[in-house]
Amino acid sequence: MCGSSSIRSDLRSAQSDRRKMSVYDSTGAQKNTHKKKTLSQNALFGMGNPLLDISAVVDKDFLDKYGLKPNDQILAEEKHKALFDEIAKKSKVEYHAGGSTQNSVKIAQWMIQEPHKVATFFGCIGTDHFGEILKQKAAEAHVDAHYYEQSQEPTGTCAACITGDNRSLVANLAAANCYNKEKHLDVDSNWGLVEKARVYYIAGFFLTVSPESILKVAKHASDNNKIFGLNLSAPFISQFFKEPLMKVMPYVDIIFGNETEAATFAKEQSFETEDITEIARRVQLLPKVNKNRQRIVVFTQGSEDTVATVGDKVKRFPVLDIDQNDIVDTNGAGDAFVGGFLSELVQEKPLEECIRAGHYAANVIIRRVGCTFPEKPDFC
């Protein structure tokens, strides 16, 4: 196995007349937030662990054969290796470009629609059949994916074994753990795509793979007064990857997480509080290199209000109402929220609009199986 393995504002007033400041421009320059900004390709950059999502309906015998529970999420062990090829042979098998960061940039691109390839994605895959399908699916989502391809490990996969209303997820990170900074990020043609971007987003999961790649991108964003976003991603990141997480934190302009991840981070940092508002305030005040941008902290709480720092205040933003019977799958909700948020952020919209878009995207995704969406969004 190469690489380390993963367990897997009132907006701040720009002027005293309280004109709304864009999240994008923390200098206080007035932005026209009513017109849709003309976007350039590669304006949004994401880097992370790419997985090919493979979903199919299976029976109880299939679950029993691989020792799976009907509703579960596990990392693949040796006994699961044959599962991925077997599920791929099922009738009506579906493939999607997945993995946390890739999901988010894919949803951002879906929200934006045109131009295509506003979103760039870097990650590692294998030189195999699943890798070819993943490249095809990323292209169909109009994401400009530039994968580091190697032959040591197969393309990362996540099998969704569906039985009735249940979904058993089995993830095999494989090649996703093999990203190589020197052989991919540092290559001039690839780094040129990084330099083209104005907004950067990386899920915390990638801290288990290539923290040096994250730092290089984060420092570039900070040095050039661009926006760098990071997600806490899972409690184990704050617990077991604390050192790389805190090395990148001074360069983070926007930090995302859910209530559980926020509480774990607070505990690991000895904040001595479980109050999510106070945690957000404390995270905002952690040391920061680029003083031109005040850090923004955004914590989602499932069906409860989203908490975000707005200037020197912490505000709550209600999520969209949804009938519990309409909720199909909440697994992609966090990725979807970030994707919606990024789609407005890259267009220089105010924080409130970014959060509203995040809530919309999450509301769409939880009504469907997997991190999938209709052909076009209905957001305005």
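User: How much space lies in the second largest pocket?

Analyst: Rolling a probe the size of a water molecule over the atoms shows where empty space is left. Here the second largest pocket holds about 430 Å³. A pocket is an open set of points on a 1 Å grid over the protein atoms alone where a 1.4 Å probe fits, with protein on both sides within 12 Å along at least five of seven lines; its volume is the space filled by probe spheres set on the points, joined across faces, edges and corners. This is a predicted model, where local features need pLDDT of at least 70, side-chain atom pairs count only at pLDDT 80 or more, and totals for chains, interfaces and linings use all residues. Residues are numbered from 1 along each chain as its sequence is written, and side-chain values use heavy atoms, leaving out hydrogens and water.

User: Which residues that line this pocket are the closest to its centre?

Analyst: Lining residues have an atom within 4 Å of a point. There are 20, and Trp 110, Glu 140, Ala 141, Phe 373 and Pro 374 are the closest to the centre.

User: Is Asp 335 buried or exposed?

Analyst: Buried means under 20% relative accessible area, exposed over 50%, partly exposed in between (1.4 Å probe, protein chains only). Asp 335 counts as buried because its relative accessibility is 14%. An unreviewed UniProt entry annotates Asp 335 as "active site", though such annotations may be inferred rather than shown by experiment.

User: What is Asp 335 in contact with?

Analyst: Contact means heavy atoms within 4.5 Å. Leaving aside neighbours within four places in sequence, Asp 335 touches Ser 100, Asn 103, Ser 104 and Ile 107.
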